Amino acid sequence: MVAKSCQWDHAMSLIGRLFVIAIGFLLASIAAGLVVVGMLLFPEVSQIADGPIDPDALNIMMGFGFIFVSGFALLPALVVVLITEAFAIRSALAYAIGGGLVGVACYLGLVPFDPATLQFDGIIRRHLEIMTGAGIIGGMVYWLVAGRNAGAWRDPPRPRAPLPPSQSVPPPVNRAP
């Protein structure tokens, strides 16, 4: 009976972990989408206060940024998540580097590749920097939500503290005269 209970606890912790991973990926995609949209719409960030920003247009662009980032980054990010979960890597630096690599992979996946010269044609440095930065921010947001506890679902549950013995007689009260 104890083995079945342990297997059930293990399965439930894995299912809970999958939910945390999904939520972490969604929040990381939103953060990376905000970076991509913000940097592409407002290249001169220092001059952002020059005019009013239409909130409806900004919301639409953030939605497109989220869809773009989450769609293109799903498979590379899944590879990073599987590696970090398998080896229980919980370092923030590992997630920042992994996010940066995912950003670079997403950008290079959109740039034409010439197999004859083994080179990418048309790399725009600013766009590569934006995608790398968005990946780093996404990796850090994922670390904040899910990466800090990577691989913890495999750990056995901590033993519970024993309950104090029940006392039928209340303890004596010391009253000093």
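Where is the place of Ser 29?

A: Keep in mind that this is a predicted model. Ser 29 sits in helix 1, which covers residues 2–41. As for cover, Ser 29 has a relative accessibility of 2%, and it counts as buried because that is under the 20% cut-off. Setting aside its neighbours within four places in sequence, Ser 29 touches Phe 66, Val 69 and Ser 70.

Now for a spot out on the surface. Leu 41, Ile 60, Met 61, Phe 64 and Ile 67 make up a nonpolar patch there, and together they have about 490 Å² of accessible area. Helix 2 (residues 55–86) supplies the largest share of that patch, with four residues. Take Ile 60, which lies in helix 2: its relative accessible area is 52%, so it lands over the 50% cut-off and is called exposed.

Then there's Gly 147, found in the segment after helix 4 (125–145). Gly 147 is buried, since its relative accessible area is 0%. Once you leave out neighbours within four places in sequence, Gly 147 is in contact with Arg 17, Ile 89, Arg 90, Tyr 95 and Tyr 142. Have a look at Ile 21 as well: Gly 147 and Ile 21 are 126 residues apart along the chain, yet their C-alpha atoms are separated by 8.3 Å.

How values were computed: Residues are numbered from 1 along each chain as its sequence is written. This is a predicted model: local features need pLDDT of at least 70, side-chain atom pairs count only at pLDDT 80 or more; totals for chains, interfaces and linings use all residues. Side-chain values use heavy atoms; hydrogens and water are left out. Helices (H or I, at least four residues) and strands (E, at least two) are DSSP runs, numbered from the N terminus. Buried means under 20% relative accessible area, exposed over 50%, partly exposed in between (1.4 Å probe, protein chains only). Contact means heavy atoms within 4.5 Å. Patches are made of residues with over 30% relative accessible area and no salt bridge: like charges are joined within 9 Å, nonpolar side chains (Val, Leu, Ile, Met, Phe, Trp, Tyr) within 5 Å. Accessible areas come from the Shrake-Rupley method with a 1.4 Å probe; for residues, only the protein chains shown count as cover. A salt bridge is a side-chain nitrogen of Lys or Arg within 4 Å of a carboxyl oxygen of Asp or Glu.
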